[in-house]
Amino acid sequence: MTGRRILMALAAPVSAFAFSVLISSAVLIAVGTNPIDAWAEMLSFGMRLETLVETSNRATPLYLAGIAVAIGFRMNLFNIGVEGQYTIAALLAASAGAAVSLPAPLHILFIIIVAMIVGSLFSGVAGYLKVTRGVHEVISTIMLNAIAWAMVGYLMRTWLADPNDTTLNLKTREIAESGRFPNLNGILQTFTRDIKGGRELGGFIIIAVIAGIVFHLYLTRTRSGYDLRITGLNPFAAEASGVDPKATVVRAMLLSGAVAGLIGLPEILGDDFKYDLSFTKGLGFAGIAVALIGRNHPAGIAVGALLFGWLDSAAPILDVRGDAPREIVSILQGVVVLSAVVAYEVASRARQTQEARDTAIATAAPTDTGSDKPEGEAGA
Amino acid sequence: MNPVPLKESRALRWMVAILGLVLVLSLTQELARPETTDLISAGTAASTLRRAVPILLAGLGGIWAERAGVVNIGLEGMMILGTWFGAWGALEFGPWWGIAIGIAGGAAGGLLHAVATVGFGVDHIISGVAINILAPGITRFLSREIFAKQSGGGITQSPRVESVGHFDVPFVSGGEIFGWATPDIFGWIDDRGWFVVSDLFAVASGITSNVSWATLLAIALVPGTVYVLWRTPFGLRVRSCGEHPVAADSLGVNVYRMKYAAVVISGGMAGFGGAFIAIEQTGIYREAQTQGRGFIGLATVIFGNWQPLGAFLGSILFGFADALQLRDRTAVHALLLLTGVAVGLIALRSLKRSQPVGAGVLLLISALMLWWYLVTDSVMSELPPVTPHIATLIVLVFATSRLRMPAADGMRYRKGQE
């Protein structure tokens, strides 16, 4: 039974991925390229150590974004605002980090805490508006995204940009050495060979893994996480059993925003050491995609984040070799998301039907004798 | 039919409202320092209209879907498809074909949303988000395959495209009839510089000269939507699916078919909006040129209480904010004065209704805005673009209880459910 359930759980994402590859291949054939060559090219390039390091670096923020989104999704709360939350958190954390000097571990911790607080304050607005004024979080977070971007633009232009900088690319002051996150090249290279091309395995992946574990423990081992999960499964039953729905909404929103605050940090702490105009955008929306693929489960999200990270890392080879346009990967990613959510829906309906049938079979015998009895009594 | 008393006549009330608005804007323009000439002018009016159209179309698209009970967060993605297919169609076959192909592109996105939400019963928000992720992927790929190989095009933009053409309304704005140039009456009065009167005619002149045919078509869709949704059996069926699909089903309405139709129309409208941006507003396809207008369109749906006319007014308001910031930022600064005074008046009304706390808060806000107006000469450039978003949040915060969305909006309906 468990074996079958695992198989059923895997069937949906695997078939969604297969379907997406099929669609993308059809698109490639339509534009006159050989899909098999393209995929083979990506696979062989994608197995190189450097590409895998890049995959990990790209997957780290995606995973954090996925977790941030999933905290809300687990209780049917749609935090579309992760995008804005992480951007403003990254800007303020980078500025705060550059403004202080602390010993190494404390400096990093300080920046992380600032980012988490800013992120949760911003998402908290949406949570507060939902429980006090009944404003749907989808609309409020979409609006807050735009407001966050405007605030980032304004703060960068006026107060937070480095005044000594004369280039057109506005940037904050650099964070001192003590506030930079160490890379993991040393550890990785003891197991493998030297990493070429100046690539660094970002150390922030450790924080991402911890976030995933904490998320899992929170959901499965704490009262508050249990409240969150059952509110998502059945809000009426949850409320009837003593869960405060408003507190749960606000808590989920704050937690989601706190994790969202971490998304920009791999780039700030491990790569750029400052916020500038070329700061990566779109991770919040990509996080939604990753959470949907991973069914809001910490392990599933990891698979989704690694898949997206790998596709992004391996795609450039297509342009180098000229076999196919690398943009095929963005189609593949889009189709994966849509087909995955459809596949999960179909699978969950199939499971429900199956369960209903099992229950009907299991309860059939006693019901039959029960219905016989009154007839007998009536006869007598 | 009984004759409507003049006091209650709708048309009259509208005229009074428009006159009042022009008067207020004229006064603000006269009083504001530093001086501005663009708060109310023919140029601003024309620009407002042009910028309102895509928002309006997205809003109408949202109304179509949500009236049938399907929440459409994917409007943004459908609009993106509209920009690309619109530009491509305009390049290949001409501007009107561009509009048509843009509509088709958006409608294809709508169909996808319908298949996921209606056919497979996927959560509406999730499907919409997925479409918003998929659409830019598709357009990026297509640009790479098609625009990048044309001269003047690239991965992120198309070659320049031609517009569908413009017209001036005859007799009032100097339009031609069979080659005979009619007088430009509105423009003439505008030039006289008479207080309020000229401003009124400036607005009229702005929205009647150099009007795109596509704008005319888009605006016709407002009464068109009202008519189809509220005056035809098809519209009644669509709306019944948004209010109570189970009841609709029991009365023999094919709920799935109605939802499919409404969501495809919704996508088509968003696609039209996208095509309008590419063909009429900018004359080029550029990546990410929708700038979240699909989301603003969604905001007008709420703003306008799920009514086409409400969405129209919302889009004019947001178009106005958009137009002002591009044309003249001192005009935006002048609006601080207007808003400050308006909030102050609302505060006085609250005081009269003996709501001292609310009045105090409002007075404080009013005072802050007036102080802001007095100590600055212009507002930061980042503020005007987000006024729609802030306005929407404020409306939602203060008017949620007065808004009424379709009863079964967002519900995942399966045939046979209870």
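## Where chains A and B meet

In this predicted model, 34 residues of chain A are in contact with 34 residues of chain B, two residues being in contact if their C-beta atoms, placed from the backbone, lie within 7 Å. On the chain A side, four helices each supply at least two residues: α5 (104–133), α6 (137–160), α13 (283–293) and α16 (328–379). The biggest giver is α16(A), with twelve residues. By type, the side of chain A that touches chain B holds 25 nonpolar, six polar and three charged residues. Here Ala, Val, Leu, Ile, Met, Phe, Trp, Tyr, Cys and Pro count as nonpolar, Asp, Glu, Lys and Arg as charged, and the others, Gly among them, as polar.

A word on conventions: residues are numbered from 1 along each chain as its sequence is written, while chains are lettered from A and ligands numbered from 1 in the order in which they are written. As the model is predicted, local features need pLDDT of at least 70 and side-chain atom pairs count only at pLDDT 80 or more, whereas totals for chains, interfaces and linings use all residues.

Now for chain A by itself. Its secondary structure comes to 16 helices and zero strands; helices (H or I, at least four residues) and strands (E, at least two) are DSSP runs, numbered from the N terminus. The C-alpha trace spans about 100 × 55 × 40 Å along its principal axes. Of the 380 residues in chain A, 48% are buried, meaning that 20 or more other C-beta atoms, placed from the backbone, lie within 10 Å of the residue's own.

| Domain of chain B | Residues |
|---|---|
| domain 1 | 37–168 + 210–327 |
| domain 2 | 330–377 |

Taken over C-alpha atoms, the centres of domain 1 and domain 2 of chain B are 35 Å apart.

As for confidence, the predictor gives the complex an ipTM of 0.84 and a pTM of 0.88. Chain B has a mean pLDDT of 86, with 97% of its residues at 70 or more; pLDDT is the predictor's confidence in each residue, from 0 to 100.

Definitions and conventions. A residue is buried if 20 or more other C-beta atoms lie within 10 Å of its own, exposed if 12 or fewer, and partly exposed in between; C-beta atoms are placed from the backbone. Domain bounds come from an automatic or database domain assignment.
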